[in-house]
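Hello,

Here is the structure I promised to hand over. Please have a look at it first; my notes follow below.

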Amino acid sequence: MAGRLSTLFATSSLLPVIAVAFAVGIFVIDTVTPLEAAVAVLYVVVIMLASNFLPRPGVLLTSAICLVLTALSFLLTHELDDGTGLVKCLLSIAAIGITTFLTLKNQSANMTLREQARLLDLTHDAIFVRDTNDVITYWNRGAEKLYGVTREEAVGRVAHVLLQTRFPESSDKILADLLHTGRWEGELVHTRRDGTRAVVASRWALKRDERGRPQEILETGNDVTAEKHAQETLAEAHAQLAHVTRAATLGELTASIGHEVIQPLAGIVTNGEAGLRWLKRDVPQLEEVRGAIERMIRDGKRADQVIRRLRALAKKAPMQAMPLDLNEVINEAITLVQREVLNYRVTLQLELAPDLPPALGDRVELQQVIINLMVNGMQAMETVVDRPRSLVVCSGLHDAQEILISVQDSGSGIAPDDMKRLFKAFFTTKPNGMGMGLSICRSIIEAHGGRVWASSNAGPGTSFQFALPLNAGIRHEP
Ligand SMILES: Nc1ncnc2c1ncn2[C@@H]1O[C@H](COP(=O)(O)OP(=O)(O)OP(=O)(O)O)[C@@H](O)[C@H]1O
Ligand SMILES: [Mg+2]
């Protein structure tokens, strides 16, 4: 409000008229009225008024005119003078001189400030300042552009009401952080004038007064709406791709899967028939029947589990993070590649660390990673005839900070040049390969806040490893 008044005052076209009238009034009173006071001292008001609408040379000229008028009044009246007139004249001249000096200094400081404020208008960032009541006191051009709200409309309004701000955490927590460290940064959702949402990467800095009390908050914001949207679209595309390749892997694993389901079903039939035979005996052998029924239940459950896992892999469910026992995830993945292990005549060895702490992750996606790595390892050993085809899957805790899973084969190995391209989409050396397996593995593991890499073994073959942080957060929700 005060700012608006002073702007109005400063730009008013009446000011020059008032200043001239004031100067004429002072001259007349000083010359014709036999007042005892040093009336000419009041010329300082004329100079201060002039500094509001005149540049530096104009203020100097006004000051010179005031000095001339003071001297003129003295010359016109000095005949009546008893000597005090000269003192009053000199006093007024000194006052005019000092006021001119201070006014010019103030004007140049104001100019510098205005220049700096203009610089803030050059940046594309939205910058605004608000006081401790959240009332906006400064609003730059970037903010006008981002929010569609002009400076005049914004100054004086409560920032978070005007922008309908949605905070990523409680405002009490944000305030506590700001008071404690003097800074805060995070992602805010604001509403523009046209009602659309803007996701803004916001940085706050707290300014304190000389006594250390919070005074103002400078808020700088970058519009990241488009990036955010692109990230979401990318995450969505990754999820789609993961699903498609999962479906493709399932297609390749049909033989294994068929075997995993047929075997328990055959077991059920065999046990059912045996049970019936035990019942048909002259003296039914109930203990034997009980054993057969228990085996039927066990086989039924096994088939049920395989089918459930398959359905989970085939379904396109959104990513779901939950605490997982990765040893369990490895064992589940292995049931789906059992047949491949037999077909490729591979010796599968498990070295799973007991009491592995849980990691936060999506069960189906991590199964997909392990299946991809195991299938790659087995395919890499297809041509090996002169040594055992061994696939070793290990789990362990690394540095008490992350869980490390490795899949090690004794296959063909990887050429140094190819090492750099392994995880790139569509890189394949297989005639029927898609080149998507490792690229999907990487996007899944990185979305879990982890990393995946390959290294050549000391002996033949390659090791693929991935590390997942304990209690890792998932970065996106496709
Ligand atoms: N264990 C491994 N040993 C040797 N080379 C490997 C191994 N794993 C991957 N590669 C190399 O990396 C390439 C890319 O693997 P990736 O799993 O991404 O695709 P792919 O297996 O060729 O096809 P698909 O998309 O069907 O999985 C493979 O073609 C192969 O050359
Ligand atoms: Mg592959």
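**Arg130 and its surroundings**

The side chains of Arg130 and Asp134 are joined by a polar contact of 2.8 Å. Please keep in mind that this is a predicted model.

Is Arg130 buried or exposed? Its relative accessible area is 4%. The cut-off for buried is under 20%, so Arg130 counts as buried.

What else does Arg130 touch, once neighbours within four places in sequence are set aside? The contacts are Val135, Ile136, Thr137, Ala159, His160, Trp204, Glu216, Ile217 and Glu219. Val155 is another residue to look at. Val155 and Arg130 are 25 residues apart in sequence, and their C-alpha atoms are 8.9 Å apart in space.

Arg130 sits in strand E1. This strand covers residues 126-131. E1 is mostly covered, with five of its six residues buried.

Which strands pair with E1? One is E5, residues 214-223. E1 and E5 run antiparallel and are joined by six bridges. In this pairing, Ala126 stands opposite Gly221.

E1 and E2 form a hairpin, with four residues between the strands. Asp134 belongs to this hairpin and takes a positive phi near 75 degrees. Asp134 is also the residue whose side chain makes a polar contact with Arg130.

**Ligand 1**

Now to the ligand. There are 19 residues around ligand 1. Which of them come nearest? They are Asn376, Thr428, Thr429, Lys430 and Met436.

In the side chain of Asn376, an N or O atom is 2.8 Å from an oxygen atom of ligand 1. For Gly437, a polar backbone atom is 3.1 Å from an oxygen atom of ligand 1. For Met434, a backbone N or O atom is 3.2 Å from an oxygen atom of the ligand.

How much of ligand 1 does the protein bury? Taken alone, ligand 1 exposes 580 Å², and the protein buries 91% of that.

Best wishes

Note on methods. Residues are numbered from 1 along each chain as its sequence is written. Chains are lettered from A and ligands numbered from 1 in the order in which they are written. This is a predicted model: local features need pLDDT of at least 70, side-chain atom pairs count only at pLDDT 80 or more; totals for chains, interfaces and linings use all residues. Side-chain values use heavy atoms; hydrogens and water are left out. Buried means under 20% relative accessible area, exposed over 50%, partly exposed in between (1.4 Å probe, protein chains only). Helices (H or I, at least four residues) and strands (E, at least two) are DSSP runs, numbered from the N terminus. Two strands pair if DSSP finds at least two bridges between them. Contact means heavy atoms within 4.5 Å. A polar contact is a pair of N or O atoms within 3.5 Å; within protein, one must be able to donate a hydrogen and the other to accept it, and residues adjacent in sequence count only if both atoms are side-chain atoms. A residue is near a molecule or strand if one of its heavy atoms lies within 4 Å of it. Accessible areas come from the Shrake-Rupley method with a 1.4 Å probe; for residues, only the protein chains shown count as cover.
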